[in-house]
Number of protein chains: 2
Amino acid sequence: MNYPTSWLTSMSIGEKIACEVRLKIIRGDIAVGSVLSENHLAKDFGASRSPVRDALRVLANEGLIRLERMGAVVLGLSKKDIEELYDVRILIETHLLKTLSKTDQTSLSQELSKVIDKMTMAMEHRNPIDFSYQDLLFHELIVIESKHERLLRVWYSLKPVVLTALLVATAKRFEVDYDEIQLLIDKHKLIIDALLSQDDHVIERTLLEHFQDTRTTVYDSLMKEDLQ
Amino acid sequence: MNYPTSWLTSMSIGEKIACEVRLKIIRGDIAVGSVLSENHLAKDFGASRSPVRDALRVLANEGLIRLERMGAVVLGLSKKDIEELYDVRILIETHLLKTLSKTDQTSLSQELSKVIDKMTMAMEHRNPIDFSYQDLLFHELIVIESKHERLLRVWYSLKPVVLTALLVATAKRFEVDYDEIQLLIDKHKLIIDALLSQDDHVIERTLLEHFQDTRTTVYDSLMKEDLQ
DNA sequence: AGTTGTGTACTTGTATACAAGTACATTTTA
DNA sequence: TAAAATGTACTTGTATACAAGTACACAACT
């Protein structure tokens with residue numbers, strides 16, 4: 001599986017390279033500890049060093065590589081990374097759901113239901129690319145609705161890695177555990193219910209359980225036989 | 001006041017330009033809504049477009065500018081931005097203090113006390129640059145001690161803007177309300193007390209009050225007469 | 001006077017060249 | 001044989017050139 005070309009529209013060459021390299025790192029196609037150089041990547045992608053340099057800075061920002069004086073070291077995505085990424089999301093999304101639940105959210109819950117419908121259609125069409133896109137869009141809409149721009153910015157900084165990991169995990173899930181996709185969809189409905197319950201404890205518990213499942217799934221799907 | 005040259009050691013040209021431009025934007029020397037171009041900035045700084053391009057991407061990541069097809073629009077740092085930046089810090093640091101308080105933190109509290117001593121020395125030497133550096137280091141040590149690398153990464157992504165705003169605010173505070181610096185120092189001691197209390201509610205209240213003061217101070221110090 | 005077309009000056013994305021630094025391989029020396 | 005010195009091939013940071021796109025000023029037309 002390559003990075004979905006439909007997601008690459010209107011991207012610069014540097015952005016495209018960042019997406020392709022990100023996917024390879026997260027899938028383990030590029031080994032942790034290996035050293036990337038601008039010249040090598042430029043040759044590999046048939047581009048000049050300028051967009052490669054841009055791409056490497058993006059990936060360094062995402063914590064997937066560490067830029068050094070000579071070459072960039074691949075840090076990869078460990079189990080701890082995945083757990084911590086979901087920690088950050090739990091912190092942000094729980095806080096924002098609690099805040100949003102203080103006011104009438106009929107409109108938002110309807111929007112979220114529509115996204116769940118699209119997840120269902122993606123499941124029925126056996127389309128993991130669209131499914132993972134809608135899955136993350138569900139959460140994105142919550143953060144957007146909070147109108148907290150700085151938390152949205154933090155959330156967006158996590159998005160490329162989370163979406164790529166989710167894409168890989170979902171593709172595998174569609175192959176191996178297709179029967180459980182419906183359960184994933186149902187769990188998103190629980191979040192809407194928690195939002196409408198206006199109960200902080202219910203929100204907290206629902207989000208913890210939701211992300212507990214998700215990060216276990218993502219982690220299991222990403223890991224090769226030999227644990228990192 | 002220019003950006004402290006002692007903080008610019010071992011930086012690339014691009015990093016230096018980012019720091020200088022960040023300070024000018026936060027101080028309001030570069031107006032919100034104005035348009036920056038790579039060519040203009042390159043000429044201003046006597047550099048080529050490459051490091052300027054790097055710098056602009058850093059500032060865009062920090063939400064101070066928005067890169068567009070033709071030029072970069074200055075977004076600046078509004079009151080809402082400052083409030084939201086401290087919201088993010090409250091979310092992160094409260095969560096981490098609660099987590100840390102579950103275990104023995106004698107060592108950390110001693111380190112934090114040392115930093116408070118340095119804040120006191122900086123106050124006595126009337127050195128706002130070192131004072132603001134130690135102030136933020138106090139909080140940084142807490143986040144580092146949590147060993148939560150992804151939250152640390154988020155915290156570090158806020159740091160350049162927060163430190164620059166704090167620097168400007170502290171410089172003004174030293175001029176205008178020097179007598180109240182001691183109160184700032186005392187409030188940091190309260191955080192250590194809250195950590196050692198091992199009481200989640202105490203931690204929550206202490207952090208809220210601490211940052212309530214800080215963001216009001218930062219905001220008041222940054223604003224010109226005409227509100228944005 | 002208003003609208004349309006053309007030209008110009010600007011922007012950024014990308015390609016390429018150069019300089020300085022780094023790391024390793026090879027040669028020289030003791 | 002081991003240590004030191006030298007050479008080479010690589011890296012990145014930065015400078016500069018080129019192409020494509022954009023926005024505005026100016027000229028021509030109605």
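The structure is a predicted model, in which local features need pLDDT of at least 70 and side-chain atom pairs count only at pLDDT 80 or more, while totals for chains, interfaces and linings use all residues. Side-chain values use heavy atoms, with hydrogens and water left out; residues are numbered from 1 along each chain as its sequence is written, and chains are lettered from A.

**How the two copies are related**

- Two copies of a chain are related by a rotation about an axis and a shift along it.
- Chain B can be laid on chain A by a turn of 180 degrees and a shift of 0.0 Å along the axis, with an RMSD of 0.0 Å (superposed by least squares on the C-alpha atoms of residues with pLDDT of at least 70 in both copies).
- The two copies are therefore related as by a two-fold rotation axis.

**The interface between chain A and chain B**

- In chain B, 24 residues are in contact with 24 residues of chain A, where contact means heavy atoms within 4.5 Å.
- The copies meet through the same surface, because 100% of the interface residues of chain B are also interface residues in chain A.
- The size of an interface is often given as the accessible area lost when the parts come together.
- Here chain B and chain A bury about 2,100 Å² between them, and 50% of it is on carbon and sulfur atoms (buried area is the accessible area, with a 1.4 Å probe, that two parts lose on being put together, summed over both).
- Between the two chains there are 18 residue pairs in polar contact, both residues at pLDDT 80 or more; a polar contact is a pair of N or O atoms within 3.5 Å, and within protein one must be able to donate a hydrogen and the other to accept it, with residues adjacent in sequence counting only if both atoms are side-chain atoms.
- On the side of chain B that touches chain A, the elements giving two or more residues are H3, helix H4 (79-100) and helix H7 (149-176) of chain B; helices are DSSP runs (H or I, at least four residues), numbered from the N terminus.
- H4(B) gives the largest share of that side, nine residues.
- By class, that side of chain B has eight nonpolar, four polar and twelve charged residues (Ala, Val, Leu, Ile, Met, Phe, Trp, Tyr, Cys and Pro count as nonpolar, Asp, Glu, Lys and Arg as charged, and the others, Gly among them, as polar).

**Salt bridges**

- Over all chains the count is 36 salt bridges, each a side-chain nitrogen of Lys or Arg within 4 Å of a carboxyl oxygen of Asp or Glu.
- Arg57(B) forms a salt bridge with Asp54(A), with the closest N and O atoms 3.8 Å apart.
- This pair joins two chains, because Arg57(B) lies in helix H3 of chain B and Asp54(A) in helix H3 of chain A.
- Eight salt bridges are counted between chain B and chain A.
- One of the salt bridges links the side chains of Lys80(B) and Glu149(A), at 3.9 Å from N to O.

**DNA strand D**

- Of the 18 residues around DNA strand D, those that come nearest are Ser37(A), Arg53(A), Ile13(B), Ser48(B) and Ser50(B); a residue is near a strand if one of its heavy atoms lies within 4 Å of it.
- Phosphate oxygens of DNA strand D lie 2.6 Å from a side-chain N or O atom of Ser37(A) and 2.6 Å from a backbone N or O atom of Ile13(B).
- A side-chain N or O atom of Arg49(B) is 3.4 Å from a base nitrogen of DNA strand D.

**DNA strand C**

- Ile13(A), Ser48(A), Ser50(A), Ser37(B) and Arg53(B) come nearest among the 18 residues around DNA strand C.
- Of the atoms of DNA strand C within 4 Å of the protein, sugar and phosphate account for 61%.
- Ser48(A) has a polar side-chain atom 2.4 Å from a phosphate oxygen of DNA strand C.
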